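Student: I am new to this structure. Could you take me through some of the terms used for it?

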Amino acid sequence: MQTIKTYQYKAFISYSREDTKIVNWFHRNLEKYHLPSALKKSYPHLPDMLGHFFKDTEDLSAHSSLDDALKEVLRKSEHLIVFCSINSSKSHWVNEEIKYFKSIHGEEKVIPIIIDGEPHATSNPKFDSSYEAYPEALRFEVNSQGQITNRNINPLAPDIRKSKDTKNKALIKIISTILGVGFDEIWERSKRRDARTKILQAIALFTFISLLILSLSKWSNEHQLGQDNQRLKSQVKNSATAEDLKVSQDKAIATALFISGERELINQAKNNKKYRQSFQEKDIKILIKSEKTDALAELNSINQWINDALNTSV
């Protein structure tokens, strides 16, 4: 029975430090990529996520060869992703990483992606050789001893140069190669999932904004009612006669009077000798017109209480 070899890293990322910004974007999105549920149904053996990707952040310029620790990581990596650019094609370390990886894992596990420059510019008279995008070890086969041969190869690569692949499409091309699943199959399902995600995000945002508006509206109404209530209390406290206790037909003011507790206002007037003689029903009757039956019923009950209070005040 053939045993399946397991790796600590899904891929080793080989790149020039000058290209760190774009490399970081791919590294981040590779590690957080979740397979679409529809794809999992078709390929139940595939993992939910791709796994870990090794990206060396150490500056190797002070070294003359790959150290044992880096070689160990390359041995434990299933794939090698090479970010090809004018910078990386001139990098001694990118070339050394490709050579060592190929000598162990072969040519098929190498996944190049073109950032800038021109592949095979060194052998194409149409281009200046300084625009070469592929490191030498990528342009030629490497034997098991880590030596570059004279057998030229032309690996297919996602290409994010201007007017080529988008970053998202290039990302899916890398993922399809890693998983061994057709690009179109993953691309279409990922697009459908992303579309559903955007719709859900839009709904969530709309719901949040609606709740925020309602909360602000409620606060504004309560704030206005509070101001109306304070004004009415001030009228009771400062008025020369109970005549000033008359309330307008504005339902917000009437509701404020109800919410704040009209008993306090009436008692303030009843207990003040100055108002006692003029404390008549006609002087403090609340005039209300409301389209809402519940508000009208509440305010009618206030009127009834006021009438009862008047009857016991004399």
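Tutor: Gladly, and let us begin with handedness: a crossing is left-handed if the near helix is turned anticlockwise from the far one by less than a right angle, and right-handed if clockwise. Helices (H or I, at least four residues) and strands (E, at least two) are DSSP runs, numbered from the N terminus. This is a predicted model, where local features need pLDDT of at least 70, side-chain atom pairs count only at pLDDT 80 or more, and totals for chains, interfaces and linings use all residues. Residues are numbered from 1 along each chain as its sequence is written, and side-chain values use heavy atoms, leaving out hydrogens and water.

Student: Which hand does the crossing of α1 and α7 have?

Tutor: Right-handed: that is how α1 passes α7.

Student: What makes α1 oblique to α7?

Tutor: The axes of α1 (residues 20–31) and α7 (residues 167–179) cross at roughly 55° and come within 11 Å. Angles under 35 degrees count as roughly parallel, over 145 as roughly antiparallel, 65 to 115 as roughly perpendicular and the rest as oblique. Therefore α1 is oblique to α7.

Student: Which residues of α1 meet α7?

Tutor: I22, W25, F26, N29 and L30 do, and their partners in α7 include L171 and I174. Contact means heavy atoms within 4.5 Å.

Student: Why is strand β1 called largely enclosed?

Tutor: Six of the six residues of β1 (residues 9–14) are buried (under 20% relative accessible area, with a 1.4 Å probe and protein chains only), so the rest of the structure largely encloses β1.

Student: How do you know that β1 and β3 pair?

Tutor: Pairing needs at least two bridges found by DSSP. β1 and β3 (residues 77–84) have five, in the parallel sense, and F12 stands opposite L80 in β3.

Conventions
Axes fitted to C-alpha atoms, helices over the stretch in contact; angles between N-to-C directions. Buried < 20%, exposed > 50% of the residue type's maximum accessible area, 1.4 Å probe, protein only.
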